[in-house]
Amino acid sequence: MRKSPGLALARRFQSGTEEAIAAVSKDGGESEDVHVRLNDPHVDDQTLNLYSIEEATENADVIIIATDHKKYTQINPEEIASRMADDLVIDSKAILNQAEWNDAGLDLVRI
């Protein structure tokens with residue numbers, strides 16, 4: 001398996017490292033109510049606890065797109081918005097249509 005930056009990030013988040021939690025937490029990692037749910041349609045790594053898109057986005061405060069899989073460009077932003085608890089979507093690969101996601105009421109940030 002190639003060394004994937006997305007998988008490395010996923011492992012950090014799922015392991016619960018303080019740095020990863022603080023990076024996405026509004027209170028700098030002080031909250032104990034931080035849950036990370038991962039989705040990657042191309043990964044079959046049994047050491048990661050992977051979820052479906054629907055499960056991963058249910059009541060999510062933030063979604064981070066860390067890979068450029070075509071499947072992610074086909075996600076309906078209105079469906080995602082209806083499941084999320086908050087509205088922040090971080091698109092690190094600049095693959096999502098900014099206008100569509102903003103029109104769905106989501107705050108799409110590209111980094």
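Which helix is the place of Glu100 in? A few notes on that and on the sheet.

1. First, the ground rules: this is a predicted model, with local features needing pLDDT of at least 70 and side-chain atom pairs counting only at pLDDT 80 or more, while totals for chains, interfaces and linings use all residues. Residues are numbered from 1 along each chain as its sequence is written, and side-chain values use heavy atoms, with hydrogens and water left out.

2. Glu100 sits in helix α6 (helices are DSSP runs of H or I, at least four residues; strands are runs of E, at least two; both numbered from the N terminus). Glu100 also belongs to a negative surface patch, along with Glu54, Glu55, Glu78, Glu79 and Asp103. Charges are placed at CG of Asp or CD of Glu. At least two patch residues come from each of α3 (53-57), α5 (77-83) and α6 (98-103).

3. Now the sheet: three strands, open, ordered β1-β2-β3 and paired in parallel (pairing takes at least two DSSP bridges). β1 (62-65) and β3 (107-110) are the edge strands with a single partner each, so one side of each has no neighbour in the sheet.

4. β1 and β2 are joined by four parallel bridges, and Ile64 lies opposite Ile90 of β2.

5. β2 (residues 88-91) also runs parallel to β3, over four bridges. Leu88 has Asp107 in β3 as its bridge partner, and Asp91 has Arg110.

Definitions and conventions: Patches are made of residues with over 30% relative accessible area and no salt bridge: like charges are joined within 9 Å, nonpolar side chains (Val, Leu, Ile, Met, Phe, Trp, Tyr) within 5 Å. Accessible areas come from the Shrake-Rupley method with a 1.4 Å probe; for residues, only the protein chains shown count as cover. A salt bridge is a side-chain nitrogen of Lys or Arg within 4 Å of a carboxyl oxygen of Asp or Glu. Lys and Arg count as positive and Asp and Glu as negative; His and the chain ends are not counted.
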